[in-house]
Amino acid sequence: YYIRDCLVGTPLAKEDPSLLEFIALAEKEIKSSNDIIGDLLEFSRIVKLSVRSTDVNAALSQVRYSLDVPSHVKIVEDYQTDLPPAMIDPLKMRQVFINLALNAFHAMPKGGELHIESRFEGVRGDPESRITLRFRDTGTGIAPEIREKIFEPLFTTKAKGTGLGLSICQGFVQAHGGKITVDSELGKGTVLTIALPLGAAAPA
């Protein structure tokens, strides 16, 4: 950053514009390295939750404002309006939601739609009842032989992926007593479903 700021507007930068291009490339690769290191650190940690009663719909709707949504992708939100709150760690689940959305974007290089929905399943007041969240894209889909491996640590089909994103998501969901599953068809898209228990302290 310091070198870039010092070069901007100088005769050297004007004489050789490629200098700033190389610095921009270095910044991009540094960010990529930071992301990889962050994933490795997150994966190696024991998951400790800081749960509180959370409006899951609000947590979901905030995610889209944290993302750089590609211009060719449309997000369609379909949230059950009377959804009860759940006892979750909102920061951990926010990371899960962002990761699933980013994966959907990558699966739609030519554009498409990401449908995000929430549903309540069970009896109100019963801590064993669940909130089901679905991230459904209209992307390329996942081949059956790959589908079985996507939650495995270090497995990835991305050129610069760490293969830890979905493993971390699975760990966070399981730490809540929940479950994450995948259903996909080549050429038609993928659905990732999260089932989260309300938690014992959640009100009816």
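Good morning. I begin with one side-chain interaction: the side chain of Thr 190 makes a polar contact with the side chain of Ser 184, at 2.7 Å. A polar contact here is a pair of N or O atoms within 3.5 Å; within protein, one must be able to donate a hydrogen and the other to accept it, and residues adjacent in sequence count only if both atoms are side-chain atoms.

A word on the source. This is a predicted model, in which local features need pLDDT of at least 70 and side-chain atom pairs count only at pLDDT 80 or more, while totals for chains, interfaces and linings use all residues. Residues are numbered from 1 along each chain as its sequence is written, and side-chain values use heavy atoms, with hydrogens and water left out.

Thr 190 lies in strand β7. Helices (H or I, at least four residues) and strands (E, at least two) are DSSP runs, numbered from the N terminus. With a relative accessible area of 6%, Thr 190 is buried; buried means under 20% relative accessible area, exposed over 50%, and partly exposed in between, using a 1.4 Å probe and protein chains only. Leaving aside neighbours within four places in sequence, Thr 190 is in contact with residues including Phe 135, Arg 136, Asp 137 and Val 182, where contact means heavy atoms within 4.5 Å.

Next, the strands. β7 (residues 189-197) pairs with β5 in the antiparallel sense over eight bridges; two strands pair if DSSP finds at least two bridges between them. Within this pairing, Arg 134 has Thr 193 of β7 as its bridge partner. β5 is also joined to strand β4 (residues 112-121), antiparallel, by eight bridges. Ser 118 stands opposite Leu 133 in β5, and Glu 121 stands opposite Arg 130.

Which aromatic rings pair? A search of the whole structure finds one aromatic pair. The rings of Phe 97 and Phe 135 have their centres 6.0 Å apart and their planes at 25°, so they are stacked. By the criterion used, rings of Phe, Tyr and Trp (its six-membered ring) pair if their centres lie within 6.5 Å; planes under 30 degrees apart count as stacked, over 60 as edge-to-face and the rest as tilted. The pair links distant parts of the chain, with Phe 97 in helix α5 (residues 90-106) and Phe 135 in strand β5 (residues 130-137), 38 residues apart. Phe 97 is buried, at a relative accessible area of 0%, and Phe 135 is buried at 4%.

Finally, helix α5. Twelve of its 17 residues are buried, and the helix is mostly covered. Among the buried residues are Met 93, Val 96, Leu 100 and Phe 105. At the N-terminal end, Asp 89 caps α5, with a side-chain oxygen 3.1 Å from the backbone nitrogen of Leu 91. Thank you.
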